[in-house]
Amino acid sequence: MALPSNSSNWAWLPKNLLDTILDNLVPMMDCIRFSAVCKHWQSVALDNFQHVRKNHNHDRPHQQQLPFLLVPTVNNSSDHRCLYNVTRKSLCEFQMKIPYNIRTSGYSHGWLIFVDDSFQVTLFNPFSGKSIHLPPLKRLLFEKRYRDEFDEMSALPHLERFEYEKRMREECDEEDIEYEEPELEGELELEENSEEEEEAEDEEEEIESNVEEDEAFNFVRLHQSDYSIVRGVLSVDPDVNMNGDFVLMVIYGLKRRLAFIKSGDKNWTYIDKDACDFFKTTYAIYIDWYRKRGLWHMADIICTNGIFYVLDKLGVLLSIDVSGNLTKIKCITLLYTDNLSRSINRKSYLVESPNGDILRVIRIAENEEGDCGNATALRFMIYKLVHLDCLEIPKWIKVDCLGDVSLFLGDNHSTSVKPSDFIGCQPNSIYFCDDYFNLYYLHGGPTDIGVCDLNDGSIIRHYSLKHSQRLMPPPIWIIPKFVFNNISP
């Protein structure tokens, strides 16, 4: 292509050269500056980004953006939020309209997840203002009704109480229960004594006891609908997929169970013992605890190549394929028998690194007494899923260094970036939000928002909420997205 006589004018550089430049720009602000050079460059940028969207090419550099922190505005607006840039340690000048003044139940692929008082789930794109309304999670309604009507049920004779609960379960798509004859007082006492002896010898009882420490506080807290979903992950961005198809998988309720919904579905699909033959085969062979109780106490979810991976509190990793009519579940790792995941002060995350490694991160909070009273000391332990030739089943191997990788953990879809692509982003580090909601409401709101340098374990608090903001919707990591107006996908 021949340049005009005024060849110093960069506006007429060949399109293929401009595409190459765009393909190597990573920070969104660089892409925006590129688009602002002239109308021709803006047109090339739009064509380039649209091509990326149509071909689902998420490996292109400018698709991997640095997360920002979604925080309250300076004046504590109930329907607007601000973005905080962690590398510049400053608030962005503009505000984002968020019409839901409640906790965000998750963020995934550009969409915030909200749950209202009727347990209806809404996906909201803060960059385009678009909403997708999904059916209510009826099992959350069962938990609320069970709590509210417990005293009334308890006053009924045994058989009537069973029938009452059974009807309630059927109305809310809850798992069925079998009728059990009431025990005589003497028999019950003998049975309780026997269980105490078994508990002393059986590690499974110890595991369940430790896991359920969370539930004492959660039972009080989860009556608020915005805390009824603890994690939500989308398979794809609904705006990017050509036909708009997507799957949303969530961890919900007191028992931290799994459910998913596909675009267009009228009801949620609950993953339990009746969902497939998973519990009768592979999983039940070596984890009898789950065979009896179902998939409870899930910790985090990621989705890669259309397959969901779910981590439970004890380190077991599952793969879940919901692409067909039958839910296919496989157990990737065995039961992990350390003590790191069992306490209320431990939280587990699952994250995919930029080079495709699956990481398990355990965040450990420990109370310390100091001159200023009680403080919380944090540390992190990281494990990488490794396929060893000598082992048939993959294993979690502890790693001490992430190299050119930074993790962003919180209520969001756990995210990783290459910090060398972003000025000011700290390598070998974990940026975190305080998502211990079963703890921070005991202390007046979230307090731990910072970055952990894995080189020495040091932690720097990079953002602090004002006292008046502590009980507002807590901060969450979100990733900026390009919005294309008046352009067909």
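1. Overall burial. Of the protein's 489 residues, 50% count as buried (buried means under 20% relative accessible area, exposed over 50%, partly exposed in between, with a 1.4 Å probe and protein chains only). This is a predicted model, where local features need pLDDT of at least 70, side-chain atom pairs count only at pLDDT 80 or more, and totals for chains, interfaces and linings use all residues. Residues are numbered from 1 along each chain as its sequence is written, and side-chain values use heavy atoms, with hydrogens and water left out.

2. Make-up and surface. The secondary structure comes to 12 helices and 25 strands (helices are DSSP runs of H or I with at least four residues, strands are runs of E with at least two, and both are numbered from the N terminus). The accessible surface is about 24,200 Å² (by the Shrake-Rupley method with a 1.4 Å probe; for residues, only the protein chains shown count as cover). Carbon and sulfur atoms hold 49% of that surface.

3. Helix H6, length. H6 covers residues 158-171. Its 14 residues should span 20 Å at 1.5 Å a residue (the expected span is 1.5 Å times one less than the number of residues). The end C-alpha atoms are 20 Å apart, so the two values agree.

4. Helix H6, faces. The buried residues of H6 are Phe162, Tyr164, Glu165, Met168 and Arg169. Seen down the helix axis, these buried residues fall within an arc of 160°, so they line one face (the arc is that of the directions from the helix axis to the C-beta atoms). An α-helix has 3.6 residues a turn, so residues three or four places apart point the same way. The buried residues of H6 pack against helix H4 (138-148) and helix H5 (150-154). Exposed Glu170 and Glu171 sit on the face turned away from the buried side.

5. After H6. Just past the helix, aspartate 173 takes a positive phi of about 60°. Glutamate 174 lies in the loop between H6 and helix H7 (185-201). Glutamate 174 counts as buried because its relative accessible area is 10%. Leaving out residues up to four places away in sequence, glutamate 174 touches Arg139, Phe142, Arg169 and Arg257. With arginine 257, the side chains make a polar contact at 2.9 Å (a pair of N or O atoms within 3.5 Å; within protein, one must be able to donate a hydrogen and the other to accept it, and residues adjacent in sequence count only if both atoms are side-chain atoms).

6. Two loop residues to check. Arginine 256 has phi near 55°, a positive value in a residue other than glycine. Asparagine 305 also has phi near 55°. Arginine 256 lies between strand E9 (247-252) and strand E10 (257-262). Asparagine 305 is in the loop between strand E12 (298-304) and strand E13 (307-312). Arginine 256 counts as buried because its relative accessibility is 12%. Asparagine 305 counts as exposed, because its value is 78%.

7. A hairpin. Strand E14 (residues 317-321) and E15 pair in the antiparallel sense over four bridges (two strands pair if DSSP finds at least two bridges between them). Six residues join E14 to E15 in a hairpin. Aspartate 321 has lysine 328 of E15 as its bridge partner. In a regular strand the side chains alternate between the two faces of the sheet. E15 (residues 328-331) has a covered face with Ile329 and Cys331, and an uncovered face with Lys328 and Lys330.

Terms used: Contact means heavy atoms within 4.5 Å.
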